Amino acid sequence: MDSSFAELDSLVSLINSSVQQIKEEYTKLGQRFPSLDDVEEHPLDTAHFPAGLQTAVRCIQGSCAQLSTLVTSPPQALTLHGMSHYNSAALGVVTNAKIADHLKGHPDGVHVSKLAEASKIDQGKLARVLRFLATRHCFREVAPDVFANNRLSAMLLADSPMWALMGVCSDENLRAASAFYETLADPVTGPSPDSKHAPWSRAMGYDGNLWDFYQQVDPARGKRFGVSMVGFSSLSKFDSMLHGFPWKDLPQGTAVCDVGGGIGHIAMHFAKACPQIRVILQDLPPTVEQAKQFWKDTATDIVDQGRVSFVPIDFIKQSPVPEQDIYYLKHIIHDWADPDSITILSNVKKAMKPTSRLIIQEFVLQSAAPEKGEEASLITQAPVPLLPNYGEGKILHYYTDLAGLVNAKERTLQEFVALGKQCDLVLVKVWDCGESSALEFKKND
């Protein structure tokens with residue numbers, strides 16, 4: 001056999017073995033495998049993925065993308081990459097026009113003429129947008145110019161957090177992406193960690209940071225962003241976070257301070273699953289007020305039991321409630337450049353007692369080249385011939401890294417350790433939570 005086919009054969013073999021692993025895992029869990037034509041949520045859409053299933057999914061994603069790139073000519077592959085922004089643009093159209101809502105309850109589809117009438121968008125242009133998305137397996141074209149929801153588009157109903165997330169992706173994120181080169185090449189904004197010098201600020205023509213814009217200029221966008229974070233959190237799967245770190249094993253009365261926890265959807269999930277913990281939710285005052293109503297409506301029993309308290313904070317300027325057992329920061333540090341991240345972590349460290357633990361839940365970036373050393377061994381590397389970081393199998397991590405709207409970034413494990421050292425915090429353990437990792441730190445004795 002010609003040795004030049006070795007990579008092709010290895011990728012196909014990895015795909016086949018991973019598919020078999022998925023079949024075995026679904027059978028073990030007693031679940032049928034979902035179809036793209038489904039519009040109802042599958043039980044595993046938000047449930048914990050066992051480690052074997054998660055690895056198999058990553059291997060298939062990475063292998064299929066690598067195989068596709070390998071057999072495609074470079075000009076075509078590059079062009080497909082270069083035009084990928086139209087995914088966000090098209091999703092912006094259907095999200096704002098609420099097309100999924102107009103298709104709800106119509107499994108046989110709706111003609112584009114009726115969708116155009118309901119959305120006030122030109123029929124021909126709307127058909128082209130929907131056909132593009134259906135070609136990417138979002139929506140179904142059941143007959144020429146007749147469209148229906150499917151497994152992906154059903155997530156875009158206007159009452160879904162994913163609707164808000166796609167709104168942010170096609171608005172704030174897409175605008176920021178358009179200003180990448182100009183921002184990076186500018187001798188002032190390029191090297192600056194200042195959140196006012198981020199691509200988003202340039203794109204919007206706003207002389208301030210994103211958080212000020214949300215609070216002071218456009219509260220409607222700010223509210224949408226808050227809801228979008230519920231959708232973003234679902235990417236990491238609530239149950240995977242619950243299984244990854246031993247929340248259920250914490251002793252009775254454990255106090256968990258959720259710093260920058262938004263309206264508290266993650267903390268609420270933990271509180272419902274772990275009746276022995278109590279939650280202190282901290283965020284900016286307007287968000288805390290929104291959180292109070294959210295918990296009152298959604299978790300009345302926990303509120304009545306006194307297992308949740310709401311304390312406003314500006315974590316850049318203030319320390320959280322002192323001497324709690326666990327301080328929890330989920331997808332907070334990735335929103336800030338190093339100087340501000342050090343300030344945030346230092347403020348948390350000031351509040352910690354000797355036995356306190358800081359849990360930072362984030363994506364952890366890996367190099368696309370093999371890594372060695374003690375810290376590298378704490379994160380699983382992909383099997384050959386995949387890139388060590390799984391390639392497309394973990395591409396979400398690298399998308400969010402570039403999407404740092406406030407001059408922020410995702411970080412490698414080495415970068416997290418370095419941040420901790422600057423705040424006199426020591427890494428204790430890395431907990432695998434599926435898509436994300438929980439990094440456990442303690443005060444340096």
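Me: Which residues lie nearest the centre of the second largest pocket?
Reply: Bear in mind that this is a predicted model. Nearest the centre are Trp-211, Gln-215, Asp-283, Leu-284 and Thr-287. They belong to a lining of 40 residues.

Me: How much space lies in that second largest pocket?
Reply: About 1,100 Å³.

Me: Left-handed or right-handed crossing?
Reply: H14 passes H15 in a right-handed crossing.

Me: Which residues meet there?
Reply: From H14, His-265, Ala-267, Met-268, Ala-271 and Lys-272. On the H15 side, they meet Phe-294, Trp-295 and Thr-298. By class, that contact has five nonpolar, two polar and one charged residues.

Me: Switching to cavities. How many of 30 Å³ or more does the structure hold?
Reply: One. The largest cavity has a volume of about 70 Å³.

Me: What lines the largest cavity?
Reply: Val-364, Leu-365, Gln-366, Glu-371, Glu-375, Ala-376, Ile-379, Gln-381, Leu-413 and Gln-414. Strand E9 (364-365) and helix H19 (413-422) each supply at least two residues of that lining.

Me: How does the cavity lining split by class?
Reply: Five nonpolar, three polar and two charged residues.

Me: Now the backbone. Is the peptide bond from Val-384 to Pro-385 cis or trans?
Reply: Cis, with omega near 10°.

Me: Where is Pro-385 found?
Reply: In the loop between E9 and helix H18 (395-402). E9 also came up for the cavity, where it supplies at least two lining residues.

Me: Which residue has a positive phi although it is not a glycine?
Reply: Glu-323, with phi at about 60°.

Me: Where does Glu-323 have its place?
Reply: In the loop between strand E6 (308-312) and strand E7 (326-330).

Me: Last topic, annotation. What does UniProt list for residues 85-158?
Reply: An unreviewed UniProt entry lists them as "domain: O-methyltransferase dimerisation".

Me: How much of that span is helix, and how much strand?
Reply: In the model, residues 85-158 are 51% helix and 12% strand.

Me: And how far apart do the end C-alpha atoms lie?
Reply: 22 Å.

Definitions and conventions. Residues are numbered from 1 along each chain as its sequence is written. This is a predicted model: local features need pLDDT of at least 70, side-chain atom pairs count only at pLDDT 80 or more; totals for chains, interfaces and linings use all residues. Side-chain values use heavy atoms; hydrogens and water are left out. UniProt positions are given in the numbering used here, feature names are shortened, and annotations may be inferred rather than shown by experiment. Helices (H or I, at least four residues) and strands (E, at least two) are DSSP runs, numbered from the N terminus. On a 1 Å grid over the protein atoms alone, a cavity is a set of points where a 1.4 Å probe fits but cannot get out, and a pocket is an open set with protein on both sides within 12 Å along at least five of seven lines; lining residues have an atom within 4 Å of a point. Grid points are joined across faces, edges and corners, and a volume is the space filled by probe spheres set on the points. A crossing is left-handed if the near helix is turned anticlockwise from the far one by less than a right angle, and right-handed if clockwise. Contact means heavy atoms within 4.5 Å. Ala, Val, Leu, Ile, Met, Phe, Trp, Tyr, Cys and Pro count as nonpolar, Asp, Glu, Lys and Arg as charged, and the others, Gly among them, as polar.
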